[in-house]
Structure formats: C-alpha cells, structure tokens
Amino acid sequence: MIVIATLGAPERRRLQRKKRNAPPEPKPVPVSTTRATVIDVDSPFATHADAASWLSETGDADLDAGLFVLNHTLHVFRLVTADPHVNPVGRHGALVARLGYGAGEQVAEGQWADAVELAPRQGRQSRAKVLSPQAHLAAVLTGREQRLTCEELTLRARLDLDNHREREAALQILIALDAAIAEIAVDSTGPRLRQRLDELGAMRDAVAEAGQQALAGPLEPDAAALVEHAAKRVEAILRARAVINAR
C-alpha cells in the first residue's frame, strides 16, 4: 500500500488571484512537499522484536524497493492522466528517506514506533569528476558541442530498464540505437568511434527482433538480456564521445 500526503500546502484562497503586484525584494516563499509512505501489508511482523531485528539490518536495498513501488505508481498515474510531465523520483531527489515500522494508521500518517533515516548515497568524488558534467553542460549550452537526439532516447530506455519495463525498453533502445548510429556516423567524433559504431550495427537486427517480440508480449529472458546489453553499449559509445569532446 502507498499513501501520498501533501505537507505545507498554501491556502486555497491565496491561490485564486491570477496576478498581483510583487515586491522588489520578495521574501522566500514556503513550498509544499510531498510525503510518500510505502507500507508492506503482505509481510507484517509477528512481534516487536522481529520488527526491531529487521530495522537493525535494513538499508539501501529496502529503500530501493520502496522507490520502485512509488515510481511504478507514478508511472501508472502518468498513463491514466495522460500527463507527460509526471516524472519518476530518484534517490537524490528525496529530501528525507526513512525506514521504519509502526501500527496501522500510525505509519499512514508518517509516524513510527521506531525508524532510521538514511543518508544520501554519494561517494567521495574527485574534483575532475565533479566538474566534468559542468564543463559538458557549458559546451552544449554555448553550442561548442552538439547535443544528440540519441542521448535523450537512451536515457528513456535506461529509465524503463531500471523500472523493469522491458517491453518499453526494447522498443525505445531500438530507436536509440538507430539514432546513435546515424548521428555519430556524421559527428566529428565518428571516425574515432568507428569500431563502436560497427558493434552497434552488428547487433541492430537482434535488437529489432527483440522489439518485435515486445510488440507481441513479454520478452523472453534472452531478449531481455540483449536489450540490457544494447543499452549499455549505446551508453558506452556516448561516454566515449563525451571523453573525446572533453579533450
């Protein structure tokens, strides 16, 4: 079960005016936040000691499982509302992440008998690794580096794969692979990436077969593994292109 609650929402009467004068130095405006509580109702703890034992061993894996449930719910909501702007939630986007246990309405209200708060997962990074995306961003925004359509398509395929939507991923990665072959072949980095382009071309027919299988129903394990492999190879050539452009 999942419970969604909005915290700190502004009063409705203050939202009715479409336009009003703004002060020259406006104060920071409080923003509402959303609390999503994923409750495992299928495996209740028999005793308080069992719950405490689970809590002492819980960690990122349990948080990932909860995020999967939340993002599946958001994905279905996106479909039923036909709203393309509903986005998934990543671990880095959460203000607070807690794991705990409680009884009935207690956890539904965001309260606990006991809980732990998980720190964001961010390992120590070198200065070069931190600054690299910033330099890449500046290069794209100023027009010194061309943005490729296959980059966005590959990200969409990766999102589907990470959320176990293999059928969607199979169709998406086929388009991403075709776009990567076409775009990088005429890119300034193309000659230096010829071997990688040939690798993508060699797997194109097999990826197309996986796409046809996806149109008919769930993927067989071998086809699902191929889709994952194809996504990794397209991601690899995009990383290689970024390295070349950064030199």
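Which residues lie nearest the centre of the largest pocket? In this predicted model, they are A36, T37, V38, R98 and W112, which belong to a lining of 45 residues. The space in the largest pocket amounts to about 1,600 Å³.

Several secondary-structure elements take part in this lining. Two or more residues each come from the strands β1 (2-7), β2 (33-38) and β3 (98-101) and from the helix α2 (60-81). The greatest contribution is that of α2, which provides 9 residues to the lining of the largest pocket. Among the central residues, A36, T37 and V38 fall within the span of β2, 33-38, and R98 falls within that of β3, 98-101. By residue class, the lining of the largest pocket comprises 27 nonpolar, 12 polar and 6 charged residues.

The second largest pocket has a lining of 23 residues, with H136, E151, L238, R239 and A242 nearest its centre. At least two lining residues are given by each of the helices α4 (127-141), α5 (149-162) and α8 (221-246). Its volume is about 760 Å³.

Of these helices, α8 accounts for the largest share of the lining of the second largest pocket, with 8 residues. The central residues L238, R239 and A242 lie in the range of α8, 221-246, while H136 lies in that of α4, 127-141, and E151 in that of α5, 149-162. The lining of the second largest pocket divides by class into 10 nonpolar, 4 polar and 9 charged residues.

Note on methods: Residues numbered from 1 in each chain as written. Predicted model: local features only at pLDDT ≥ 70, side-chain atom pairs only at ≥ 80, totals over all residues. Heavy atoms only, no water. 1 Å grid on protein atoms, 1.4 Å probe; cavity = no way out; pocket = protein on both sides within 12 Å on 5 of 7 lines; lining within 4 Å. Points joined across faces, edges and corners; volume = space filled by probe spheres on them. Helix = DSSP H or I, 4+ residues; strand = E, 2+ residues; numbered from the N terminus. Nonpolar A, V, L, I, M, F, W, Y, C, P; charged D, E, K, R; others polar.
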